[in-house]
Amino acid sequence: MRRIQEILDKVSANNSDANLELIQHAYVYAATAHAGQTRLSGEPYLSHPLAVGYTLADMGFDEPTVAAGLLHDTVEDTKATIEEIDENFGEEVADIVDGVTKISMIPFENKEEAQAENIRKMILAMSHDMRVLMVKLADRLHNMSTLDFQKAHKQRRIAQETMDIYAPLANRLGLNVLKRRLEDLSFKYLRPDIYNQIEHWLDNHQVVEKHIIDKVVEMLKEILSENRIEGQVYGRIKHKYSIYKKMQSQSLTLDEMHDIMAFRVLVKDIRDCYAVLGLVHAQWRPVYGRFKDYISMPKANGYQSLHTTVIGPEGERIEIQIRTEEMHRQAEHGVAAHWLYKENGRVNSKDLEQFSWLREIFERQGEEADSREFMHSLKLDLFKDEVYVYTPAGDVKELPEGATPLDFAFLIHTKVGHHCSGAKINGKLAPLGTELKNGDVVEIVTDPARNPNRDWLKMVKTARARSRIQHYLRTEERAHALNLGRELLEKEGRKVSLNVARAFKEGQLAIVAQDMNYDGVDELIAAVGYAHITPRRVLNRLYAVLHPDSPNTQEPAPPTLKESREAARNRTEGVGVAGVDGVLMRFAKCCNPVPGDPIIGYISRGMGITVHRADCPNVANMEPERLISVHWEGEEEKPYEAGIFIIAQNVCGVLADVSQVFSAQNINITGINMAIQVDGRARLRFTVEVKNASQLYRLIEQIRVLPSILEVVRDTEA
């Protein structure tokens with residue numbers, strides 16, 4: 001268990017003028033608030049905030065951040081309030097604690113939604129003060145280090161969330177020390193078998209590895225000394241999860257791994273970085289394709305360094321990183337390094353110019369429809385390796401690996417993305433779905449008449465492009481729903497002598513919207529266009545508003561027989577939607593549902609509702625918010641097409657036997673296809689007309705018992 005004095009010593013080492021009284025006061029307050037509470041390990045609960053405070057102090061954060069780390073659980077787990085924190089420690093500390101406090105009191109439909117909303121709230125709190133995330137990361141680190149005391153299913157869930165969100169966030173913020181620790185701890189619980197295997201292998205080889213590390217460190221020091229370059233040299237074994245990733249990416253066993261050692265050379269300036277690189281390559285043969293210059297082209301999180309892999313003195317592959325001391329501080333502590341030089345006031349996202357991706361997340365979150373969609377976009381931002389491409393003017397743009405010209409277009413400007421009609425890569429026309437490579441020069445061709453379509457979502461890799469396309473499509477679909485809803489209301493209104501346009505202008509439709517619990521007239525009209533409610537229901541309410549004293553306020557005059565027949569032609573016979581009339585519907589050709597099949601509807605743009613079988617494979621790829629419940633409306637005389645696929649022995653009379661079954665059931669055959677396979681069996685495919693699913697499956701059972709039939713199934717491609 002950490003001691004408060006260890007935290008105070010760390011803070012003093014970073015800032016001799018630090019306000020230690022604030023931290024001491026926070027410690028006493030937290031100790032009092034958590035008195036009597038214990039963790040699952042049996043330790044006093046105070047051990048947790050002390051561990052969080054120490055991590056923050058070790059990373060170099062200021063006194064308000066460390067104090068917030070000590071207090072971060074008081075509001076959730078004790079009787080303390082944010083107001084008390086504000087009164088005792090000031091607004092700055094209170095804001096950080098408030099941002100970190102979990103939102104466990106908010107009800108959610110499921111754990112997935114709760115997790116997504118927690119992450120979303122954390123990201124939003126970050127937009128006001130980056131230190132909120134720093135406290136959360138330190139909190140997660142200690143929770144991961146004490147995960148042994150949780151049940152197995154919780155260990156896996158928490159570890160997966162850490163690997164999916166927190167470790168990548170630490171990486172993108174440049175907090176490499178924190179990232180490595182979170183990854184190894186998560187790896188321990190997600191793949192304990194492989195983790196233990198790697199740990200055991202490292203224990204057995206540590207003597208040999210230490211010998212090589214010591215030898216290479218001494219040789220690098222000699223190179224610096226002989227060339228009068230001032231610097232420091234360090235060597236280490238790569239962390240376990242990094243070794244595992246290399247095994248996976250290169251399909252290697254542990255005994256085949258050759259580059260698990262990493263060395264770091266820290267020098268005074270950039271000129272020395274390149275000088276050392278030349279000397280290292282003169283000493284040892286470099287491995288082709290394993291040199292990276294992150295100094296001239298830094299990573300998105302500000303990381304700068306030279307990376308090279310060489311064949312070392314014992315024939316081993318060794319990775320060497322060369323950077324300045326300032327680059328190293330940025331590499332290890334990332335965003336935290338900024339607080340070491342911030343004398344007054346807080347550092348927020350606007351102070352950190354290299355973290356432009358964060359500002360993009362903050363701006364984009366308001367456009368996401370729900371928390372889970374936001375989580376999907378966030379993961380796209382976090383899990384990516386960079387590709388660097390150029391504009392025709394020579395400006396460098398960073399994109400994720402696998403990005404396409406469409407991603408590039410939206411990165412330049414939203415309007416450029418919306419009107420993107422083509423692209424030139426290195427001067428040659430290329431499809432919009434082409435994967436970009438490092439060094440490509442990309443030029444976008446635009447057309448004012450071109451706009452996004454849903455196929456674009458399959459081509460893009462960036463959350464920015466995906467979000468902009470989805471926002472455009474939602475806007476277009478809403479506009480279409482408004483037009484369709486208005487048209488349906490006015491058309492139905494004319495049938496019953498109600499002037500919907502006048503009711504809109506004079507405000508009666510607004511009263512109807514309020515009565516039906518819609519936020520406004522547009523929401524009401526859009527609901528009609530989306531087929532969420534029937535025009536008739538809206539007109540009934542409107543009639544009641546226009547004629548409050550009429551004894552017949554429940555419903556206007558019913559449509560004539562001619563009008564009813566006209567409406568009937570605009571719907572699919574035998575299929576209905578609860579509370580909806582007069583909506584255009586059609587059967588999907590991919591699965592050909594027949595009465596008795598479980599069915600579901602899909603709202604198609606400009607095509608009404610398409611009816612699919614509930615088990616149709618295509619339904620899984622459809623947008624959930626556009627799926628709608630539909631049902632069969634009783635037995636229908638109208639026949640429905642269905643397919644039957646048969647494999648039979650190629651014997652005389654097989655076709656006659658099958659046809660006789662159809663004839664006995666009075667089934668009409670509308671199509672037949674027959675082929676003989678190489679193994680001599682016959683493949684028969686019939687398209688028939690049936691009344692419902694029950695009749696179809698009875699027919700299949702009768703065919704199955706025929707002596708020459710090997711297999712018979714329903715063919716959904718009829």
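This is a predicted model: local features need pLDDT of at least 70, side-chain atom pairs count only at pLDDT 80 or more; totals for chains, interfaces and linings use all residues.
Which two strands form a hairpin with two residues between them, and which residue in the turn has a positive phi? Residues are numbered from 1 along each chain as its sequence is written, and side-chain values use heavy atoms, with hydrogens and water left out.

**View 1. The hairpin of β8 and β9, with β10 alongside as a partner of β8**. The hairpin is formed by β8 and β9, and Asn426 in its turn has a positive phi of about 55°. Helices (H or I, at least four residues) and strands (E, at least two) are DSSP runs numbered from the N terminus, and two strands pair if DSSP finds at least two bridges between them. Strand β9 (residues 428-430) runs antiparallel to β8 and is joined to it by three bridges, with Leu429 in β9 as the bridge partner of Lys424. Strand β8 (residues 420-425) also pairs with strand β10 (residues 442-446), in the antiparallel sense and over five bridges, and here Ala423 has Ile444 in β10 as its bridge partner.

**View 2. An open sheet of four strands in the order β18-β19-β17-β20**. The pairing in this sheet is antiparallel. Because β18 (668-676) and β20 (709-715) each have a single partner strand, they stand at the edges, and one side of each is left without a neighbour in the sheet. From one strand to the next the twist averages 20°, where axes are lines fitted to C-alpha atoms (for helices over the stretch in contact) and angles run from 0 to 180 degrees between N-to-C directions. Strand β17 (residues 640-648) is joined to the antiparallel β20 by six bridges, and Ile647 stands opposite Glu711 in β20.

**View 3. Aromatic pairs, including that of Tyr241 and Tyr244**. The structure holds eight aromatic pairs; rings of Phe, Tyr and Trp (its six-membered ring) pair if their centres lie within 6.5 Å, and planes under 30 degrees apart count as stacked, over 60 as edge-to-face and the rest as tilted. Tyr241 and Tyr244 form a tilted pair, at 6.1 Å centre to centre and with 35° between the planes. These two tyrosines are separated by about one helical turn because they lie three residues apart in helix α13 (residues 240-250). Tyr241 is buried, with a relative accessible area of 15%, where buried means under 20%, exposed over 50% and partly exposed in between (1.4 Å probe, protein chains only). Tyr244 also counts as buried, at 12% relative accessibility. The rings of Tyr294 and Tyr303 have their centres 5.9 Å apart and their planes at 70°, so this pair is edge-to-face, and both residues are buried.
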